[in-house]
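Hi everyone, thanks for coming. Please have a look at the structure on the screen, and then we'll walk through it together.

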Amino acid sequence: RTFRWEPPQEPVALREQDPQRAEARLPSGLLLRVERNDDSQVFAMHVLLRPRSASEPAGKEGIASFLHRLMARGTAASDAAAFAMRLGRLGASVKTDDDPAVPYDDDYTTQEFSFVRLEAPADAWREAVALVAEMLRCPRLAAAEVEATREEMLDLQARRATSSRHRAVEAAARALAPGHPLTRPILGTPESVRSITADDLASFHREYVTGRRMIVTAVSPASPAEVLEAIASALGDLPAGPDPPQVEPPPVTPPAPGERRAGALGEQATIVMGYVFDAPEKDRMALGVGGAMLSDALTFELRQKRGLAYAMGASIAPWGGRMRLLVTMGTRRENVDEAIAGLRDGIASFVPGDDDAVRRAATAIRGRLLMRRLTRVQQAYAAGVEAMEGRAAGDDLERLAALLALDAATVREAMHKHVRAASCLVVVE
């Protein structure tokens, strides 16, 4: 089969362009956003495909991860060794899924979308665009690569199954939103992964790697208009594909959802508490800061003072269009009941501190998020998420600035309105 890339038949319509930013929607539905940043001589490109889990056929859970892992193993034109050499010559790095060798790497892995990320020297940006386009358009589906990827995924599943934290978080998600795409295992199940064939992958690729599902963002010191035109030329003739499935938000958790405990706990157990709720946009930033302060308070009381936890964390964050309180705690089996009581008491009695305490928490969150944006590829990732959520380019930075305007009264009101210990589902694994 011969692949010939041509510019889209219709001209690319640029939207209110300026020297620092370019945006276009191609006839296929593919959305492009390109930004200029002269801080470093690095080109970064991020491809976002959505929805991820909701697009997977029944019984083929994990096929999106399967396909993306194959993309990193070569293309129809280059086997794994040749592909690695091409990356090396460019001085480029590419990432298509969670890397189990990198701690906390799965922070960016979600059922909502899959991704391809590339970084390369800025003077090789045109070659980098062509390489990403080749990965997307014609991944290598050779039998040997398919089987190697299958074994890799089965091994990752087996390793994750030994983690009580992983089992508990997944069990809590399933209990909070039964059957929802957000609860489907990203790596699939042993049965689903064993059932996936090369033909299944080719069929899924034809429907999934299409214009309506794709958002491409790039950040570099190159001209945004030139980068946009190059990406449009490389990907503009992808088919629009079928309409993506519509994903409803997860359900609001009913009152008093109860407790679910595994039949046989190991020496070390994980407790997950949480619930899903609605909150207006004006409360969400305050809830995020309040969640971080709650995490610090629970950690101090239950881990540092009482020694009940070896791992502890809490957050209040968006989940599929709604908000979710999620508390995780690792403890010894004999401490589980005392730990659950301590968590309930800690959530029920929590009150945010004064303005200075809120300012410190907000500043810490802002600092962590700004640190994440230091790399060029993270800037491209953030631009992609902004576009997926229908937000204007640069909205993330405006939100980071707004964090510093929060005061204790605003956080206290949001937490009092939405956070209740009695609303928590409890899962113990």
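Let's start with a question: which residues of H10 are buried? Keep in mind that this is a predicted model. In H10, the buried ones are Val336, Ala339, Ile340, Gly342, Leu343, Gly346 and Ile347. Looking down the axis of H10, these residues fall within an arc of 165 degrees, so they line one face of the helix. Here is some background: an α-helix has 3.6 residues a turn, so residues three or four places apart point the same way. The other side of H10 has exposed residues, namely Asp337, Asp345, Ala348 and Ser349. And what covers the buried residues? Among the elements doing so are helix H9 (281–305) and strand E9 (311–319).

Next, find Phe66, in helix H1 (residues 63–71). Phe66 has a relative accessible area of 0%, so it is buried. Setting aside neighbours within four places in sequence, its contacts are Val146, Thr149, Arg150, Met153, Val193, Ile196 and Leu201.

Now go to the loop between strand E3 (42–49) and H1, where Ser53 sits. Ser53 is buried as well, at 1% relative accessibility. Beyond four places in sequence, Ser53 touches Gln111, Pro181 and Arg184.

Finally, how far can we trust the picture? The average pLDDT of the chain is 93, and 94% of the residues score at least 70. Over residues 1–16, though, pLDDT stays under 50. Where pLDDT is low, the predicted coordinates should not be read in detail.

Technical notes. Residues numbered from 1 in each chain as written. Predicted model: local features only at pLDDT ≥ 70, side-chain atom pairs only at ≥ 80, totals over all residues. Heavy atoms only, no water. Helix = DSSP H or I, 4+ residues; strand = E, 2+ residues; numbered from the N terminus. Buried < 20%, exposed > 50% of the residue type's maximum accessible area, 1.4 Å probe, protein only. Contact = heavy atoms within 4.5 Å. pLDDT = per-residue confidence, 0-100. Arc of directions from axis to C-beta.
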